[in-house]
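Hi,

Here is the structure I promised to pass on.

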Amino acid sequence: VSPGNCRPLQGHQGQVVIRLPARVHLTGVTVQHISKEVSPSGTVISAPRDVAVFVSSELLSSCFAPEGVDADGEEETLLGTFMYNVAEEAIQTFPLKNAPLPRAFSYIKLLVKSNWGNPAYTCIYRVQVHRKMASKKASSETRG
């Protein structure tokens, strides 16, 4: 991870939708931002602060459906909320309190509700998901 090499979100709020390579049962998420020590400005105010994690079986309509509803009118599922703390390590892992669910999902949405003070943009450097793989039987049953 190097300074400036991030997924920028316009403003202090935004969202990132990630298509997972397989249907999975999510158990946690790891978020990484650069540290204050390597930041060219000496600050990390573009780091996400308050984040909510949602999952969905289908891609959201244009990735910007009303919060909580996917393209088929099926509700997204909130797996948890957390605060990325810039005073701690650059890599932070958050267990998802409402996980794992009995159903596997193909998409995860990180909804950044606020950052640490940058009004122009928020940077997401790296997101990792922690999961249990869905069994093939369970995946075919939920598709049906």
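The largest nonpolar core has 22 residues, and those with the most contacts inside it are L26, V29, V53, F82, L96 and L110. By nonpolar core I mean a set of buried Ala, Val, Leu, Ile, Met, Phe, Trp, Tyr and Cys residues joined through side-chain atoms within 4.5 Å. Buried is under 20% relative accessible area, exposed over 50% and partly exposed in between, with a 1.4 Å probe and protein chains only. At least two residues of this core come from each of strand 2 (14-32), strand 3 (50-56), strand 4 (77-83) and strand 6 (105-112). Strand 2 gives the most, with six residues. Strands here are DSSP runs (E, at least two residues), numbered from the N terminus.

Before you go further: this is a predicted model, so to speak of local features I needed pLDDT of at least 70, side-chain atom pairs count only at pLDDT 80 or more, and totals for chains, interfaces and linings use all residues. Residues are numbered from 1 along each chain as its sequence is written, and side-chain values use heavy atoms, with hydrogens and water left out.

Back to L110: leaving aside neighbours within four places in sequence, its contacts (heavy atoms within 4.5 Å) include V29, V31, V51, V53 and V127. There is also a second, separate core of five residues, among them C6, I34, C123 and Y125.

Now the rings. A search of the whole structure finds one aromatic pair. Pairing covers rings of Phe, Tyr and Trp (its six-membered ring) with centres within 6.5 Å; planes under 30 degrees apart count as stacked, over 60 as edge-to-face and the rest as tilted. F82 and F94 have ring centres 3.9 Å apart and planes at 15 degrees, so they are stacked. Since F82 lies in strand 4 and F94 in strand 5 (residues 91-95), the pair ties together parts twelve residues apart in sequence. Both are buried.

Two charges sit over rings (NZ of Lys or CZ of Arg within 6 Å of the ring centre and within 35 degrees of the ring normal). R49 has its charged end over W116, 4.0 Å from the ring centre, and K109 lies over the face of F54 at 5.1 Å.

Last, N115, in the loop between strand 6 and strand 7 (121-124). N115 is buried, at 8% relative accessible area. Its side chain makes a polar contact with that of T122 at 3.0 Å. That term is a pair of N or O atoms within 3.5 Å; within protein, one must be able to donate a hydrogen and the other to accept it, and residues adjacent in sequence count only if both atoms are side-chain atoms.

Cheers

Notes
Helix = DSSP H or I, 4+ residues; strand = E, 2+ residues; numbered from the N terminus.
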